[in-house]
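Please work through the following exercises with the sequence and the model at hand, and try each task before reading its solution.

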Amino acid sequence: MVDEPLYPIAILIDELKNDDIQLRLNSIRRLSTIARALGEERTRKELIPFLSENNDDDDEVLLAMAEELGAFIPYVGGVEYAHVLLPPLETLCTVEETVVRDKAVESLCRIGLQMKERDLVDWFIPLVKRLGAGEWFTARVSACGLFHIAYPSATDLLRAELRSVYNQLCHDDMPMVRRSAASNLGKFAATVEPVHLKTDIMAFFRDLTQDDQDSVRLLAVEGCAALGKLLEPQDCVASILPVIVNFSQDKSWRVRFMVANQLYELCEAVGPEPTRTDLIPAYVRLLRDNEAEVRIAAAGKVTKFCRIVSPQLAMQHILPCVKELSTDSSQHVRAALASVIMGMAPVLGKEATIDQLLPIFLALLKDEFPDVRLNIISKLDQVNQVIGIDLLSQSLLPAIVELAEDRHWRVRLAIIEYIPLLASQLGVDFFDDKLGLLCMHWLGDQVFSIREAAANNLKRLAEEFGPEWACQHIIPQVLEMINNPHYLYRMTILYAISLLASVVGAEVTCQTMLPVVINAAKDRVPNIKFNVAKILQSLIPIVDTSVVEQTIRPCLLELNEDPDVDVRYFATQALQACDQVMST
């Protein structure tokens with residue numbers, strides 16, 4: 001990177017002290033430029049101390065500074081001098097704004113990972129201890145995120161000291177500090193020796209799980225999965241399993257919500273037998289929880305959970321809950337279930353899917369809430385692989401027709417986007433009989449996004465079923481609609497022609513579609529005419545050069561004389577493309 005001249009550098013340094021926040025911000029974001037101009041020694045001796053003192057600035061400036069310093073090692077002389085970056089970041093770890101503190105911790109971690117072991121012991125570990133014993137809770141909150149960097153390089157004596165400091169943070173008077181200790185416990189535990197993991201870390205964990213603040217307990221739930229993966233299965237069953245079972249009955253719905261999200265990960269950690277005896281009953285309780293949010297989280301994990309347990313257990317314990325959830329009073333619970341229930345089909349097998357799941361699918365397909373119906377239709381391929389399309393198609397079509405005419409345009413848009421998937425599943429014969437008319441109907445929708453999606457849909461169908469099918473079933477019907485009295489619908493047809501041309505090839509384009517486009521050049525509406533020019537330009541690479549010369553070029557020359565300036569502009573663009581083709 002080329003160094004900037006020194007005069008602008010002087011301005012940047014002055015702007016670091018400017019009253020205007022925007023100027024200070026610009027200068028901070030270009031700290032690397034200033035550092036390169038000053039050189040490594042002056043950066044260490046002048047710039048970094050200045051930044052350490054300049055810590056009472058606006059939060060936006062401090063955030064930019066915290067981010068820049070994380071990548072500053074090359075500008076202070078490499079890893080040998082990385083420790084000089086610690087003081088300004090240590091100061092930023094104590095500010096009130098959470099976002100700034102988090103970014104400062106992130107930058108300290110980046111620097112710590114590159115520092116030499118000796119420097120970590122001399123500089124980084126004392127920093128962690130200072131923050132951990134900080135007077136303000138902000139310093140102690142930040143300290144929790146640094147232990148996993150400091151611990152591996154520490155001596156045995158220092159390690160014991162760091163564990164002691166972390167223990168104090170887990171019992172801090174401020175809930176925010178305990179929350180930070182709970183959320184960082186998994187990362188710290190991953191660096192601790194196995195012997196201390198089973199004693200000290202598990203003691204910290206037990207204390208956090210019994211905290212009187214639900215915000216601390218719910219973060220401890222996240223630690224369950226992380227610790228479960230570090231412990232041996234028998235230790236996991238002894239130490240983590242009872243905690244999870246208690247959490248699944250916690251008085252705070254937010255804690256139960258976290259358990260519902262994490263439970264399937266714990267099943268992998270504890271093994272099959274404890275899952276069957278303890279975790280399945282806990283999961284069933286969560287599926288039947290009295291809080292809708294907990295049921296939403298549990299329903300969203302139903303397929304993952306079924307994959308972990310045996311099909312027999314899934315049918316015995318989980319399927320009855322799924323049936324209840326499919327008629328849940330909360331539409332959001334039903335939507336969460338609909339988004340994952342299809343994944344149960346491969347797990348349960350064909351017979352159970354037909355007997356047990358299919359009636360639930362059909363009930364959800366007729367749900368009054370459109371998102372529920374959409375979530376089912378978007379995952380149909382998973383069921384089709386198990387039971388075949390014949391059974392599905394009998395009950396599927398009424399729901400599709402209903403969604404295709406839904407009063408919410410976004411629902412209509414979503415169903416259009418699923419049509420190519422359905423087409424590939426249903427096959428060409430079924431599609432022609434039942435869905436072909438729908439696809440044409442959408443080209444005349446009142447909403448532009450629907451018309452545009454319908455045109456793209458026709459192209460994807462032509463790619464799926466082949467050019468011959470498109471020539472027979474799509475193109476004649478599309479071309480009939482070019483005479484629509486409203487110009488916006490005529491524009492949609494022109495757009496559809498431009499998309500289909502690339503699929504059906506030069507011969508069909510020249511014989512059937514090009515004459516329609518040329519004829520549209522005589523339309524009275526300028527918008528149609530300049531779209532004709534754009535489409536003709538897109539057809540130039542597809543058709544033969546003789547067609548360009550004899551048909552397309554004369555039409556464009558005519559449009560180039562049009563009274564409307566936009567029509568002339570696009571005609572000129574297209575003529576230039578013609579000339580390029582003719583000259584090559």
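This is a predicted model: local features need pLDDT of at least 70, side-chain atom pairs count only at pLDDT 80 or more; totals for chains, interfaces and linings use all residues.

**Exercise 1. Describe how the axes of helix α18 and helix α19 cross, and say which residues make the contact.**

Solution. Two packed helices are described by the angle between their axes and the distance between the axes. For α18 (residues 272-287) and α19 (residues 292-300), the axes come within 8 Å and cross at roughly 130°. An angle over 145 degrees would count as roughly antiparallel and one from 65 to 115 as roughly perpendicular, so α18 is oblique to α19. On the α18 side the contact is made by Y283, L286 and L287, and on the α19 side by V294, R295, A298 and A299.

**Exercise 2. Classify the aromatic pair of F72 and Y75, then that of W253 and F257.**

Solution. A search of the whole structure finds 11 aromatic pairs. The ring centres of F72 and Y75 are 5.2 Å apart and their planes stand at 65°, so this pair is edge-to-face. F72 is buried, with a relative accessible area of 0%, whereas Y75 is partly exposed at 21%.

The pair of W253 and F257 is also edge-to-face, with 6.4 Å from centre to centre and 80° between the planes. Both residues lie in helix α17 (residues 253-270), four residues apart, which is about one turn of the helix. An α-helix has 3.6 residues a turn, so residues three or four places apart point the same way. W253, at 33% relative accessibility, counts as partly exposed, and F257 is partly exposed as well, with a relative accessible area of 27%.

To complete the aromatic survey, ring pairs link F147, Y151, Y166, F188 and F204 into a cluster.

**Exercise 3. Decide how many residues of helix α3 are buried, and what follows for the helix.**

Solution. Helix α3 covers residues 31-38, and six of its eight residues are buried, so the helix is largely enclosed by the rest of the structure. The buried residues in α3 are L31, S32, T33, I34, A35 and L38. Just after α3, G39 takes a positive phi of about 90°.

**Exercise 4. Locate D406 and find which residues are in contact with it, leaving aside neighbours within four places in sequence.**

Solution. D406 sits in the loop between α27 (389-404) and α28 (409-426). Its relative accessibility is 10%, and D406 therefore counts as buried. Leaving aside neighbours within four places in sequence, the residues in contact with D406 are P370, R373, V411 and R412. For P370, the separation from D406 is 36 residues in sequence and 8.3 Å in space, taken from C-alpha to C-alpha.

How values were computed:
Residues are numbered from 1 along each chain as its sequence is written. Side-chain values use heavy atoms; hydrogens and water are left out. Axes are lines fitted to C-alpha atoms, for helices over the stretch in contact, and angles run from 0 to 180 degrees between N-to-C directions. Helices (H or I, at least four residues) and strands (E, at least two) are DSSP runs, numbered from the N terminus. Angles under 35 degrees count as roughly parallel, over 145 as roughly antiparallel, 65 to 115 as roughly perpendicular and the rest as oblique. Contact means heavy atoms within 4.5 Å. Rings of Phe, Tyr and Trp (its six-membered ring) pair if their centres lie within 6.5 Å; planes under 30 degrees apart count as stacked, over 60 as edge-to-face and the rest as tilted. Buried means under 20% relative accessible area, exposed over 50%, partly exposed in between (1.4 Å probe, protein chains only).
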